[in-house]
Amino acid sequence: LFRSQQLSDAFLESSRQQLRQEAGEELRLLALHLRRFKRSPDVSGGFLPTDYAQMTEYFCNFAPFEFQVMLAYSLKRKFPGFVPTHTFLATNEANQDIIREFMDGFPGMRFNPFTPDMHDAAVTAEESLWALRSILIDTWICATADVFFGNACSTMSQYIFQLRIRNNRTHAFNTSGLLGGTASAEILQNARNAMMEFYEKTGELPTKSELGL
């Protein structure tokens, strides 16, 4: 972890000046952990036991629109004055088309250059070392971002939250959020209902602004 912390700190410091120049103001980094639960055991983050797969998919897997609505609502409600200049995404999703659907509209997107595809393809000891190290780099960047949102059903998101508490207990509770799970059942259902109502009327999916978010 210490070595990965050094690498992630170097990753952040090497780009802070560029990020500030892009932002034209103080850097405000939003970090997101997009956990995609999959039934296949052959992909990163895969395999769901059949006895609770359906429940996990219902409460913990979000469609892109649902994710955006839940996150926009949570940001507006919990951090009304926070407007990110840049966004860092940690995810086990390898499909770039799917990632683009989820992250449409988020400012200054940044990713770990070690992709989930590269993680899944690791075979040798050295490749596997970098695959594991890449996860820790994602973890530490999320743990030190200004604001963090993860998935309540994900052990990695929970670990990131615990690291944020360890770094600064007050800061962690005031600048972090976890989406999904039974605690978010109401807002998730509201997002799905709003999407269906709008779609039934117009034949199109609503934008966040059309939902007042």
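**Figure 1. Overview of the predicted model, with burial and fold order.** Of the 213 residues in the protein, 43% are buried. The model is predicted, not experimental. The protein holds 9 helices and 5 strands. Starting at the N terminus, the elements follow the order α-β-α-α-β-α-β-α-α-β-α-α-β-α. Among contacts with a separation of 6 or more, 67% come from residues 24 or more positions apart.

**Figure 2. Crossing of helices α3 and α4.** Helix α3 spans residues 64–78, and helix α4 spans residues 96–103. Their axes come within 8 Å and cross at roughly 35°. The crossing of α3 and α4 is right-handed. On the α3 side, Pro64, Phe67 and Gln68 make the contact.

**Figure 3. The aromatic pair Phe67 and Phe102.** The protein has 2 aromatic pairs. One of them is Phe67 with Phe102, in an edge-to-face arrangement. The ring centres are 5.5 Å apart, with 70° between the planes. This pair links distant parts of the chain: Phe67 belongs to helix α3 and Phe102 to helix α4, 35 residues apart. Both Phe67 and Phe102 are buried.

**Figure 4. The aromatic pair Phe79 and Phe149.** Phe79 and Phe149 also form an edge-to-face pair. Here the distance is 5.8 Å centre to centre, and the planes make an angle of 75°. Phe79 sits in the loop between α3 and β2 (86–91). Phe149 sits in strand β4, residues 147–151. The pair therefore links distant parts of the chain, 70 residues apart. Phe79 and Phe149 are both buried.

**Figure 5. Arginine charges over aromatic rings.** Two sites are shown. At one, the charged end of Arg35 sits over the ring of Phe37, 4.1 Å from the ring centre. At the other, the charged end of Arg133 sits over the ring of Trp130, 4.9 Å from the ring centre.

Figure 6. Ile99 lies in helix α4. Its relative accessible area is 4%, so Ile99 counts as buried. Leaving out residues up to four places away in sequence, Ile99 touches Leu89, Thr91, Glu93 and Phe111. Pro64 is 35 residues from Ile99 in sequence. In space, Ile99 and Pro64 are 8.5 Å apart, C-alpha to C-alpha.

Figure 7. Lys78 is part of helix α3. Its relative accessibility is 42%, so Lys78 counts as partly exposed. Apart from neighbours within four places in sequence, Lys78 is in contact with Phe173, Ser176 and Gly177. Lys78 and Gly177 are 99 residues apart in sequence. Their C-alpha atoms are 8.6 Å apart in space.

Definitions and conventions
Residues numbered from 1 in each chain as written. Predicted model: local features only at pLDDT ≥ 70, side-chain atom pairs only at ≥ 80, totals over all residues. Heavy atoms only, no water. Axes fitted to C-alpha atoms, helices over the stretch in contact; angles between N-to-C directions. Helix = DSSP H or I, 4+ residues; strand = E, 2+ residues; numbered from the N terminus. Left-handed = near helix turned anticlockwise from the far one by under 90°. Contact = heavy atoms within 4.5 Å. Phe/Tyr/Trp six-rings, centres within 6.5 Å; stacked < 30°, edge-to-face > 60°. Buried < 20%, exposed > 50% of the residue type's maximum accessible area, 1.4 Å probe, protein only. Lys NZ or Arg CZ within 6 Å of the ring centre and 35° of its normal.
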